[in-house]
Amino acid sequence: MDAYPPMVPQASAVDIGIDPNLVQAQAVMARQNAVANRLTGTADVWNKIIDLAMKADYQYIVVTGDNVDRPNPNVATGLLRINHELYHRCRDIMYSENIIVIDETGAGFEYLGQKLGLHYCGEFCCACAHIGSLHIIIGCDDYDFEGIVKTEAMIQAIKQLPRSIVVQHLRIDLKPFCFANDRDLALFVDVLKDKIGVEQVFELTGLDVHWGLDLRTIPTALEMKLQPLHCDFEPHNDKWQTAGFFGCSYEPAKTENEKLGRDATGKEIEIKDAKYYYDIHEAELYHGTAIGY
């Protein structure tokens with residue numbers, strides 16, 4: 001009896017009527033699909049890593065003249081220096097997923113305005129990134145003169161931007177001491193209109209003491225209109241010694257009439273923003289009908 005069973009001849013692809021070229025092509029395709037699946041899995045992992053690494057705690061990155069090299073210790077800016085492709089992927093997430101805050105000195109605009117934004121790309125091929133949310137602080141809380149100086153610095157910082165930047169969501173916070181007069185406000189409005197464009201939402205917040213100035217020129221310059229029911233106003237209360245405040249939200253004006261504050265027929269619209277309610281409140285005070293004062 002033989003120790004091993006006899007060898008059984010194996011049928012070739014030709015013997016059973018299959019094109020060997022087709023078999024080889026299918027084998028190559030199977031190997032390519034396997035490699036592609038592994039690469040896709042790796043890419044998914046990288047995307048998750050980048051997404052987590054480039055989002056700051058509470059989604060705020062505060063940019064001042066003192067911390068531009070590393071805007072936030074919770075953002076992995078080291079990833080921006082690995083290679084060109086990774087730089088762009090990380091930078092886009094950093095700008096789109098976080099709220100970039102420019103403090104009252106305006107120093108952060110010096111870096112946002114560079115060709116490459118906050119960080120450098122070795123191939124010098126790109127412009128400043130599209131920004132998701134930008135938060136600008138104007139003036140200061142304590143001293144009139146200091147607020148005026150900081151506002152002038154902010155105006156110059158925006159003015160020095162080499163090109164305009166586009167943001168989806170812009171918020172401007174007015175501190176108690178910011179614009180000394182209508183001239184300062186007009187200068188700010190001019191540079192804002194020239195250098196910053198808003199695609200979706202504009203928010204303006206501040207104290208009721210600012211209503212001596214025509215703050216409506218700001219959304220008008222940005223070609224924004226007041227969102228219905230998106231205005232908060234609380235007047236100052238002398239009895240309880242609380243400051244008044246306001247907050248209004250605007251959206252893009254799509255037609256020429258909307259940009260001019262008019263309805264479809266060309267008639268001027270009564271804008272019920274914080275200024276509107278402030279004027280009513282002042283009239284009530286004048287006539288002695290305001291409640292709680």
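**Entry 1: Glu223**

I looked up Glu223 and found it in the loop between H6 and S6. In this numbering, helices (H or I, at least four residues) and strands (E, at least two) are DSSP runs counted from the N terminus. The model is predicted, so I kept to its limits: local features need pLDDT of at least 70, side-chain atom pairs count only at pLDDT 80 or more, and totals for chains, interfaces and linings use all residues. Residues are numbered from 1 along each chain as its sequence is written, and side-chain values use heavy atoms, with hydrogens and water left out.

Glu223 has a phi near 60 degrees, a positive value in a residue other than glycine. Most residues other than glycine have a negative phi. I also noted that Glu223 is partly exposed, with a relative accessible area of 40%. Buried means under 20% relative accessible area, exposed over 50%, and partly exposed in between (1.4 Å probe, protein chains only).

**Entry 2: the chain**

I counted 8 helices and 7 strands in the protein chain. Of its 293 residues, 37% count as buried. The average pLDDT, the predictor's confidence in each residue from 0 to 100, is 76, and 72% of the residues score at least 70. Over residues 10-14 pLDDT stays under 50, and there the model has 5 contacts beyond four places in sequence. Contact means heavy atoms within 4.5 Å. Among contacts in the protein chain with a separation of 6 or more, 74% join residues 24 or more positions apart.

**Entry 3: the largest pocket**

I then turned to the largest pocket, whose volume is about 660 Å³. Of the 25 residues that line this pocket, Lys225, Leu226, Ile269, Ile271 and Lys272 are the closest to its centre. A pocket, on a 1 Å grid over the protein atoms alone, is an open set of points where a 1.4 Å probe fits, with protein on both sides within 12 Å along at least five of seven lines; lining residues have an atom within 4 Å of a point. Grid points are joined across faces, edges and corners, and the volume is the space filled by probe spheres set on the points.

Helix H6 (217-221), strand S6 (224-234), strand S7 (245-252) and helix H7 (256-259) each supply at least two lining residues. S6 gives the most, with 8 residues.

**Entry 4: Gln227**

Gln227 is in strand S6. I found Gln227 buried, at a relative accessible area of 12%. Leaving out residues up to four places away in sequence, Gln227 touches Val201, Ser249, Tyr250 and Glu251.

Gly244 lies in the loop between S6 and S7 and counts as buried at 0% relative accessibility. Its C-alpha atom is separated by 5.1 Å from that of Asp208, 36 residues apart along the chain. With residues up to four places away not counted, Gly244 touches Gly206, Leu207, Asp208, Glu234, Pro235 and His236.

Ala274 is in helix H8 (residues 274-287), and I found it buried, with a relative accessible area of 0%. Ala274 and Phe246 are 28 residues apart in sequence and 6.0 Å apart in space, C-alpha to C-alpha. Beyond four places in sequence, the residues that Ala274 touches include Phe246, Trp211 and Cys231.
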